[in-house]
Amino acid sequence: MRTTTRTRSTGLGLLATAAAAALVLTGCSSGSGAASGGSGKIDGTITLQTWALTPTYTDYLDGVIKGFEQEHPDAKVKLQDQPGDGYADKVLSQASSNTLPDVINLPPDIALPLAKRGFLQDVSKDDPKLASTYVSGALDSYEYKGLDGTYGYPWYLNTDVDYWNTTMFDKCGLDADNPPKTTDDLFTQAKTMHDECPDDYLMSRKPGLGDFTLAGVKVLNGDGTKFTFADSSKAADLIGRYKEAYQDGYMPSNVLNSDYLGNSTLFTQQKVAWTTGGATALSDMVKNNPSLKGNVTVSPALDTPPLYVQGLSVSSKSKHLATAEAFAQYMTNAKNQEAFAHLVNIFPSTTSSQSDPYFSKDDGTVNGKARVLANEALKQAKVLNPVEANSAMTDFLDQQIALAMKGQVSPEQALQTAQTKMNSLLANG
């Protein structure tokens, strides 16, 4: 099972570049010959491919398949699950050999290069209820710049909330009942903590593409062919603020080093007073450091909450396209998504599920509050990092931002260098 947060790298973007290159090399072109089809008969045998969900969730998956087959006796669904390691290579191989399964578990960034080359069905052709069924931000994730259509059904979602160490707040002149609500607040309160407690820190991360988006920077042009963040003074100003905060000692010095552990680990070790994480992140943090129990409060993510999406895409080459689309719809309906989300620490992408008391009612615990805040945040959450930006691109940008924060290059130079490199990678991808 794969979910993402902006505080840890998943490597999903590696496939976007690799798949694009491989598909070009194998001569696969945009699919003018794709079948069309929700009006066809729901019959035949299709294959569902999931990503690292078995054996843990085999019973759930088998139950969904059984329910679908009972509703459609002439249809059969075969389940094949791929392990987490090597999934990208497997999908690349399937695409380049035209052997994609009928229904495939794909996050938006992996789906993008496949959609561009005609391997995925535009599911909006045959499902007029898409917009009313799924959370808009999740659906938008499968609508790509330069392409018409929607290339996946949102399946499950996640977002971040903010966690604050109340003990460190109290000790360092801050009010844990009024933590930062915006990035501006964060800088202000980071200064207060440093002034009161020079050896403690509130901030422990450098900015990235998602932070540019939050700052109102246009990161990508309209057709998704060029990065444009270096053209905005807002991006340089933001890096300048982080540079000043770093050099003034508002964050640990190793934030820019290769041995940086990440803000979640530093928070768990009680070396910093803030981290972001999913709605159940506190359970793991307390498990790893029991002294955190009772000393953590939670609040909504700063500014606009990030959105992390997993979905089900349909192969445009499926011999039973109507069946594949019907099954993807069935698996992502409210009933099946809610049942899955009660088993797993994720949220449904269906709009009707947001009123489910399990997600919308606070049980009085910090974990319960975090779940309610995350559920509420999904109404406004947005994908902050464009899917066109793969890990090779963001890693290079990260290096340039580190150089700027150290004072070795200017923010403007760092951004321009990164943009030039990233546009070259994008053009060759």
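The predicted model of the protein contains 18 helices and nine strands, both taken as DSSP runs numbered from the N terminus (helices H or I, at least four residues; strands E, at least two). The radius of gyration, 22 Å, is close to the 22 Å that the globule rule gives for 429 residues, so the protein is as compact as a globular protein of that length; the radius is taken over C-alpha atoms, and the rule is 2.2 Å times the number of residues to the power 0.38. Along its principal axes the C-alpha trace spans about 70 × 50 × 35 Å. Of the 429 residues, 55% count as buried, that is, under 20% relative accessible area (1.4 Å probe, protein chains only).

Residues are numbered from 1 along each chain as its sequence is written. Local features need pLDDT of at least 70, side-chain atom pairs count only at pLDDT 80 or more, totals for chains, interfaces and linings use all residues, and side-chain values use heavy atoms, with hydrogens and water left out.

Helix α8 (residues 183-196) has 14 residues and reaches 20 Å from its first C-alpha to its last, close to the expected 20 Å; the expected span is 1.5 Å times one less than the number of residues. Its buried residues are T183, L186, F187, Q189, A190, M193 and H194. The cover over these residues includes β5, α7 (166-171), α10 (233-247) and β6 (274-277).

Helix α16 (residues 366-377) has 12 residues and reaches 16 Å, close to the 16 Å expected. Buried in α16 are G368, A370, R371, V372, A374, N375 and A377. These residues pack against β5 (161-165), β7 (296-300), β9 (347-348) and α15 (357-360), with contact meaning heavy atoms within 4.5 Å.

Technical notes
Buried < 20%, exposed > 50% of the residue type's maximum accessible area, 1.4 Å probe, protein only.
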